[in-house]
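Please consult the sequence and structure shown below.

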Amino acid sequence: MNRRFRSGVFAGCAAVMVCLVMLSVYSCHSNTSSQEEPEFTQQDTTDIRNIAVVYMDLLKSGDYESAARMLLKEQEDSSLSVLTEEEIRSEVARSEMFPCLNYTIDTLMLNADGGSVVKCIVEFFEKDPNDPRPNTIGFTLCPVKDENGEWKLVKADKI
């Protein structure tokens, strides 16, 4: 009887161990697929730079409304939506206050966590080299890929 008891315990432990191994393999497999980081290509960088240049060229040409209509905003549920007419008017007013004479795309960073950024520097008035006043302003755009795989510019919370 003692021998039967030991073989039963051994079989029970072996079954539990097999179940635990199978569970851990399944668990690791499902975590890997749900946490895959997006891979960025040179094309992603090019697409983001191109859309930022289109946006900045619209600002430089004085077409502030068209530039504002390129921007999306992120909702609390992480979905994207177009700006409201009031938000578009606010963007236009900001652009009129700091018109774009020239611009530089200062930084372009792609982050897998969704924190991708394009930092732009705008020269908004010409100045004499001896003039100590700053004549540039910087702001950040946050590019995101939509459900169709196209890059869009999202208005940063603080510009």
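How many disulfides does the structure hold? It holds zero disulfides, a disulfide being a pair of cysteine sulfur atoms within 2.5 Å. The model is predicted: local features need pLDDT of at least 70, side-chain atom pairs count only at pLDDT 80 or more, and totals for chains, interfaces and linings use all residues. Residues are numbered from 1 along each chain as its sequence is written, and side-chain values use heavy atoms, with hydrogens and water left out.

- Cys100 is in no disulfide, and the nearest cysteine sulfur, that of Cys120, lies 8.9 Å away.
- Cys100 counts as buried because its relative accessibility is 7%, whereas Cys142, at 22%, counts as partly exposed (buried is under 20% relative accessible area, exposed over 50%, partly exposed in between; 1.4 Å probe, protein chains only).

**Confidence**
- Mean pLDDT (the predictor's confidence in each residue, from 0 to 100) is 79 for the chain, with 73% of its residues at 70 or more.
- Over residues 9–35, pLDDT stays under 50, and the model has zero contacts beyond four places in sequence for them (contact: heavy atoms within 4.5 Å).

**Strand pairing**
- Strands S1 (residues 71–74) and S6 (residues 151–155) run parallel, joined by two bridges; pairing requires that DSSP finds at least two bridges between two strands.
- Leu72 stands opposite Val154 in S6.
- Strand S5 (residues 136–145) pairs with S6 in the antiparallel sense over five bridges, and Pro143 stands opposite Leu153 in S6.
- S5 and S6 form a hairpin with five residues between them, and Gly149 in the turn has a positive phi of about 85°.

Technical notes:
Helices (H or I, at least four residues) and strands (E, at least two) are DSSP runs, numbered from the N terminus.
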